[in-house]
Amino acid sequence: MSVLAAVVIVARPADAGKRLCDRLIERGHRAVWWPAFDIEAAPDMAAARAALARLSDHDLAIFVSPNAVRSVKSLLNDAWPANTLIGAVGASTRAAIETELQPGDAAMLIGPDEDDESGSEAFWRAWLASGRSAQRVLLLRAEDGRNWLSERFVESGAEVDAIAVYSRRPHRLSAGDLAQLGEWVTAGEHPTTVFSSSEAIATLDQQVGAGARAWLRTGTAIASHARIAHGLKTAGYTRVVNATFDDDSVIATLESIGSSP
């Protein structure tokens, strides 16, 4: 019999966050979906469409998240060019590519193995292991994000273009959400918060306000990447546990730690 956490806050955005929250509720957890970001359309639709129209000019196009995949699907008018390799930074992004884009057998998809962690570093390892080279690389992302992967390709001699195919906007909690938060803080509930990006740490602090930031840190933070875990500890979270981006991993981790502070 698993121990249910008192309050679970899912900060993961988009469909993946909603799906995880729904699964937790089905298992009896008091879970809320407070996405750190709202995922919106590309900030410049014309520029995004123009860049995708020139996909065949690139040796490699890298998707940084499932959100990038879904956005490209809505913007792409033609079939994926056979000469452009497809990069996926993790298993969930790879799955989204296979399901949403269905690039076909001719397209080669490169990314971390399923049992490897996700992220830029994991993709770079997979890229080096593939033995491939690329002179022109297209990074499909939001309007901001880490430049680590771009820097590695530039160092290798490649020309890198980054195009924003979707936007991330900080989510604002409703009056009802804030009222619920106040009740939890007053009652001394011990929260468990699920983070899927380093940027979400500061964004969630902004959402809950100064009065609840310390309260968040009395609970447990679940990080889906070692980089996120480091950011949480730097931000003052003292109880940080690691999972992967996979829903089953998050659920198993959550139910193994229980609700003790």
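Predicted model: local features only at pLDDT ≥ 70, side-chain atom pairs only at ≥ 80, totals over all residues.
**Strand β10 and its place in the sheet**

Good morning. I begin with a pairing: strand β10 and strand β11, the latter spanning residues 240–242, run parallel and are joined by three bridges. Within this pair, A223 lies opposite N242 of β11.

Two of the positions may be named here: T192 has T220 as its bridge partner in β10, and F195 faces A223 of β10. A223 therefore deserves attention on the screen, as a residue set opposite F195 and also opposite N242, given that strands of a sheet pair through backbone hydrogen bonds.

Which side chains of β10 lie on each side of the strand? T220 and I222 are on one side, A221 and A223 on the other, and all four are buried, which leaves both faces of β10, residues 220–223, covered. As a general point, side chains in a regular strand alternate between the two faces of the sheet.

Finally, the sheet as a whole. It is open, has five strands in the order β2-β1-β9-β10-β11, and its pairing is parallel. The edges are formed by β2, residues 31–33, and β11; each has a single partner strand, so one side of each lacks a neighbour in the sheet. From one strand to the next, the twist averages 20°.

Thank you.

Notes:
Residues numbered from 1 in each chain as written. Heavy atoms only, no water. Buried < 20%, exposed > 50% of the residue type's maximum accessible area, 1.4 Å probe, protein only. Pairing = 2+ DSSP bridges. Axes fitted to C-alpha atoms, helices over the stretch in contact; angles between N-to-C directions.
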